[in-house]
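Please consider the following report together with the model displayed below.

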Amino acid sequence: RPRRISLDVVCARYRSRTRRRRRHRASSARTGAIVWGIRLPRVLLAPSRTGLALVGAVLQAVLRNPLADPYIIGVTSGASLGAVSVMLIGLAPVAAVSVPTGAFAARSLPSPPCWPSAVPVPSG
């Protein structure tokens, strides 16, 4: 004997299936946004992050100070000073070249005085 199913049951099953499909589409879109918007940029920036870590390790090895970083030894302050002074001088129209050059040139000013005090002198 065939089973009788009411129209309400059929409609409820159809609605639940379409909801599942919508949820799946939404989760698929969410997954795509996570992959393309969060994961991929991190993967693409990995080489630059590796380079920064390597430079930091070299800085600590040269200064023989495991706590050395650009903020403590003054490189960051010097670079800021150079960049701002180039902007104040009025070289803003060629800022793509002049600001990084000024920052690079001025960042070396506070660094050398810090090096003799950071490198221990062997006694003997």
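## Serine 98 and its helix

Serine 98 lies in helix H5, which comprises residues 95–107. Helices here are DSSP runs of H or I with at least four residues, strands are runs of E with at least two, and both are numbered from the N terminus. The model is a predicted one, in which local features need pLDDT of at least 70 and side-chain atom pairs count only at pLDDT 80 or more, whereas totals for chains, interfaces and linings use all residues. Residues are numbered from 1 along each chain as its sequence is written, and side-chain values use heavy atoms, with hydrogens and water left out.

Serine 98 counts as buried because its relative accessibility is 10%. The classes are defined by relative accessible area with a 1.4 Å probe and protein chains only: buried is under 20%, exposed is over 50%, and partly exposed is in between. Leaving aside residues up to four places away in sequence, Serine 98 touches Val86 and Leu91; a contact means heavy atoms within 4.5 Å.

The buried residues of H5 are Ser98, Val99, Gly102, Ala103 and Ala106. They cover an arc of only 125 degrees around the axis, which puts them on the same side of H5. The arc is that of the directions from the helix axis to the C-beta atoms. On the other side of H5, Ala96, Val97 and Phe104 are exposed. The cover over the buried residues of H5 includes H4.

## The partner helix H4

Which residues of H4 are buried? They are Gly78, Gly82, Ala83 and Val86. Seen down the axis of H4, these buried residues fall within an arc of 130 degrees, so they line one face of the helix. Ser77, Leu81 and Leu88 are exposed on the other side of H4. The buried residues of H4 pack against H5. After H4 comes glycine 90, with a positive phi near 110 degrees.

## Helix spans

The expected span is 1.5 Å times one less than the number of residues.

| Helix | Number of residues | Expected span | C-alpha to C-alpha, end to end |
|---|---|---|---|
| H2 | 18 residues | 26 Å | 26 Å |

For H2, the reach is close to the expected value.

Arginine 64 is found in the loop between helix H2 (46–63) and helix H3 (70–73). Arginine 64 follows H2 and has a positive phi of about 55 degrees although it is not a glycine. Most residues other than glycine have a negative phi. With a relative accessible area of 56%, Arginine 64 is exposed.

Alanine 68 lies in the loop between H2 and H3 as well. At 4% relative accessibility, Alanine 68 counts as buried. Its contacts, not counting residues up to four places away in sequence, are with Leu59, Gln60 and Leu63.

Glycine 56 has its place in helix H2. Glycine 56 is partly exposed, with a relative accessible area of 27%. Glycine 56 and alanine 68 are 12 residues apart in sequence, and their C-alpha atoms are 8.3 Å apart in space.

## A nonpolar surface patch

Val35, Trp36, Leu40, Val43 and Leu44 make a nonpolar surface patch of about 530 Å². Patches are made of residues with over 30% relative accessible area and no salt bridge; like charges are joined within 9 Å, and nonpolar side chains (Val, Leu, Ile, Met, Phe, Trp, Tyr) within 5 Å. A salt bridge is a side-chain nitrogen of Lys or Arg within 4 Å of a carboxyl oxygen of Asp or Glu. One of the patch members, Leu40, lies in helix H1 (residues 7–44). Leucine 40 is partly exposed, with a relative accessible area of 32%.

## The chain as a whole

The protein chain has 6 helices and 0 strands, and its elements run α-α-α-α-α-α from the N terminus on. Buried residues make up 12% of the 124 residues. Among contacts between residues at least 6 apart in sequence, 51% join residues at least 24 apart. The accessible surface comes to about 10300 Å², of which 67% belongs to carbon and sulfur atoms. Accessible areas come from the Shrake-Rupley method with a 1.4 Å probe; for residues, only the protein chains shown count as cover.
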